[in-house]
Amino acid sequence: MALDNQIKKDEYFDELETMSANERDAYFKNRVAKTVTNAYNNAPAAKRMLDNAGVSPSQIKTIKDLELLPVTRKADIIEMQKSNPPYGGFLCIPEDDIERVFVSPGPIYEPMQHTGIKWFAKSFWAAGFRKGDVVVNTFTYHMSPAGILCHEAIRDCGATAVPVGTGHTEVTVKVMLDLRATGYVGTPSFLMAIIKQAEELGYDFKKDFYVKRAWFTGEMLAPSVRKTLEEDYNIDTYQAYAVTEPGGAIAYECNCKDGLHLMDEYIVEIVNPANGKQLSDGEVGEVVVTPVHNSTWGLLRFGTGDLSSIVDDVCPCGRTSKKLNGIQGRIGEAVKVRGMFVVSKQAESVFAQFEEVVKWQITVNRIDQRDEMTITAELINDVCDKIELADEIGAKFKSICLVTPDKIDFVSSGTLPQDGKSIIDNRKWE
Ligand SMILES: [Zn+2]
């Protein structure tokens with residue numbers, strides 16, 4: 001069985017993780033053509049989409065060619081399933097070959113075959129789960145895919161899975177203690193709730209419990225929470241980015257914890273949400289996903305609504321895929337300045353590096369047909385060299401957000417409004 005081979009491997013879950021750039025290019029060329037052809041031939045919704053766009057499947061030979069097709073969003077799938085129940089014309093296989101159907105909010109019905117989901121385990125493998133681990137899985141086991149898929153992935157790594165599900169904080173504390181659980185799978189906030197509950201019951205979590213690693217998805221792992229879990233509780237933390245509609249985890253952290261490696265089971269594009277055109281590495285845009293690992297579901301170019309960018313660095317872990325630079329916000333939480341998205345979260349990471357700045361706000365105006373961006377920063381005190389500080393902030397902002405601020409105004413503490421708005425867009429587009 002393949003499982004035994006995987007357990008023998010120490011570093012990587014499969015050979016895709018270490019493909020050379022040329023191998024990966026060839027792999028994706030082959031997959032993109034196969035995926036589009038399969039969807040066109042078997043899923044009426046995909047056929048209609050290509051026909052409406054005036055594109056034949058033979059025209060889609062590279063990832064770049066996907067730009068010829070429109071982006072499909074959650075709301076589109078809900079509408080299509082409503083008017084053409086139950087699968088909206090996305091199903092590529094006979095209905096009696098469906099092994100399971102997940103239900104996501106909407107509702108969206110997601111048919112799945114069990115074959116070909118084993119790759120999902122590579123994010124757990126990268127987090128260090130192995131045979132001998134006892135892992136509590138706190139994702140829900142009904143309707144949505146998270147519980148069952150994580151359960152199977154834990155098993156695929158050889159570890160023991162304990163299906164505790166969501167919400168039973170006190171009983172989960174007892175189960176973890178009694179079974180000497182070494183791993184946790186769920187959201188970061190639920191793990192924090194478990195620790196708090198254990199402490200309220202009089203336990204010393206670090207001493208009395210055995211949890212040494214945790215795998216998170218479904219929620220951002222805040223740097224402060226990561227620091228608390230790792231430093232105060234000795235728990236090695238990992239996160240993955242998962243989207244349910246195209247069926248699973250799309251990117252995952254290795255032990256370098258600096259960006260999330262892209263899974264080769266998906267084509268991930270970063271696009272301008274206004275026109276679906278692909279952006280360059282480093283530019284922030286919408287994460288658009290096309291699954292290329294199964295032939296069940298003919299979903300092409302699913303628009304997640306999440307904003308991120310791609311990092312193409314050599315990772316010391318040896319995995320060769322590019323990385324997703326976290327999720328930096330949702331469409332609507334970002335503002336486009338001279339063609340680049342400026343996302344509140346990214347700007348926050350700039351100012352986190354300047355102790356002198358206690359609060360900040362970005363204002364975008366349109367002056368003489370040009371976007372003008374002003375940063376207003378509240379200073380902790382008035383004694384620093386403001387010209388030098390403005391230069392440093394400007395340079396840091398440019399390196400992280402890829403746009404240079406036009407103006408940086410410093411004001412004294414307490415001047416900015418307490419309305420929680422970090423980005424103000426004053427442009428009028430009449
Ligand atoms: Zn890595």
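Which residue just after α6 takes a positive phi? That would be G158, at about 95°. Before the close-ups, a word on the model: it is predicted, local features need pLDDT of at least 70, side-chain atom pairs count only at pLDDT 80 or more, and totals for chains, interfaces and linings use all residues. Numbering starts from 1 along each chain as its sequence is written.

**View 1. Confidence across the chain.** Mean pLDDT (the predictor's confidence in each residue, from 0 to 100) is 91 for the protein, and 97% of its residues reach 70 or more. Residues 1–8 are another matter, with pLDDT below 50. Beyond near neighbours in sequence, that stretch has five contacts in the model (a contact means C-beta atoms, placed from the backbone, within 7 Å).

View 2. Helix α6 covers residues 146–156; helices here are DSSP runs of H or I with at least four residues, strands are E runs of at least two, and both are numbered from the N terminus. Its buried residues are A146, G147, L149, C150, A153, I154 and D156. Buried means 20 or more other C-beta atoms within 10 Å of a residue's own, exposed means 12 or fewer, and partly exposed is in between, with C-beta atoms placed from the backbone. As for spacing, an α-helix has 3.6 residues a turn, so residues three or four places apart point the same way. In the loop between β4 (134–137) and α6 sits M143, a non-glycine residue with a positive phi near 60°. M143 has 13 other C-beta atoms within 10 Å, so it counts as partly exposed.

**View 3. Helix α7 against helix α8.** The axes of α7 (residues 169–178) and α8 come within 9 Å and cross at roughly 80°. Axes are lines fitted to C-alpha atoms, for helices over the stretch in contact, and angles run from 0 to 180 degrees between N-to-C directions. The two helices are therefore roughly perpendicular; the cut-offs are under 35 degrees for roughly parallel, over 145 for roughly antiparallel, 65 to 115 for roughly perpendicular, and oblique for the rest. On the α7 side you'll find T169, E170, T172 and V173, which meet A193, I194, Q197 and A198 in α8. That contact divides into four nonpolar, three polar and one charged residue. (Ala, Val, Leu, Ile, Met, Phe, Trp, Tyr, Cys and Pro count as nonpolar, Asp, Glu, Lys and Arg as charged, and the others, Gly among them, as polar.)

View 4. E199 belongs to α8 (residues 188–200) and, with 13 C-beta neighbours inside 10 Å, is partly exposed. From E199 to V173 is 26 residues in sequence and 10.0 Å in space, C-alpha to C-alpha. R180 lies in the loop between α7 and β6 (183–186) and has a positive phi of about 50°, though not a glycine. R180 is exposed, with 10 other C-beta atoms within 10 Å.

**View 5. A cis peptide bond at P85–P86.** The bond from P85 to P86 is cis, with omega near -5°. P85 lies in the loop between α4 (74–83) and β2 (100–104), and P86 lies in the loop between α4 and β2. P85 has 9 C-beta neighbours inside 10 Å and counts as exposed.

**View 6. Helix α11 meets helix α12.** Axes of α11 (residues 344–351) and α12 (residues 386–401) come within 9 Å, crossing at roughly 140°, and the pair is therefore oblique. The contact uses Q346, A347, S349 and V350 of α11 and K396, F397, I400 and C401 of α12.

Definitions and conventions:
Contact = placed C-beta atoms within 7 Å.
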